[in-house]
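Colleague: I am new to this structure and would like to go through it with you slowly. Could we begin with the terms before we turn to the details?

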Amino acid sequence: RRVDDAYLAIERGDPERAVASARQARWLDPFSTEPLVAWALASAASGDVSGALRRYAQAVELQPKNSSTWYDLGAFELAVGRYRAAYRHLDRAYGLDPYGPAGQPGGLLDQARAKVEGR
């Protein structure tokens, strides 16, 4: 419920409440990546890019064999212009699940590759 509260607060434009809800969710379930992703989105919504990157990285550390955590990290990095890191992390997501979103032709992995290669 706390994760849902965080997403609702983001939708309503209240990133501080979203961070608080995500933090509570993390405390309640420290083994789930969902609170970390919600916290990252809330941090990004409040303009805290480094905080968002930290939360995405924590999700990767928590579940390093989960392609979704790598994909979320890479997608955010691509959005903030960290193209080399995005390419590396999206490629890792593809390696873990080539049929997932990182494997979509023309998707974020291809976009990150094009940025890195200067296309």
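Modeller: Helices (H or I, at least four residues) are DSSP runs, numbered from the N terminus. This is a predicted model, in which local features need pLDDT of at least 70, side-chain atom pairs count only at pLDDT 80 or more, and totals for chains, interfaces and linings use all residues. Residues are numbered from 1 along each chain as its sequence is written, and side-chain values use heavy atoms, with hydrogens and water left out.

Colleague: Is Ser43 buried or exposed?

Modeller: Ser43 is found in helix 3, which covers residues 34-45. Leaving aside residues up to four places away in sequence, Ser43 touches Val19, Asp48, Gly51 and Ala52, where contact means heavy atoms within 4.5 Å. Buried means under 20% relative accessible area, exposed over 50% and partly exposed in between, with a 1.4 Å probe and protein chains only. Since its relative accessible area is 5%, Ser43 is buried.

Colleague: And Glu11, is that residue buried or exposed?

Modeller: Glu11 lies in helix 1. With a relative accessibility of 68%, Glu11 counts as exposed.

Colleague: How is helix 1 oriented relative to helix 2?

Modeller: Helix 1 (residues 2-11) and helix 2 (residues 15-28) pack at an angle of about 165°, their axes being 8 Å apart. Axes are lines fitted to C-alpha atoms, for helices over the stretch in contact, and angles run from 0 to 180 degrees between N-to-C directions. Angles under 35 degrees count as roughly parallel, over 145 as roughly antiparallel, 65 to 115 as roughly perpendicular and the rest as oblique. Therefore helix 1 is, relative to helix 2, roughly antiparallel.

Note on methods
Helices (H or I, at least four residues) and strands (E, at least two) are DSSP runs, numbered from the N terminus.
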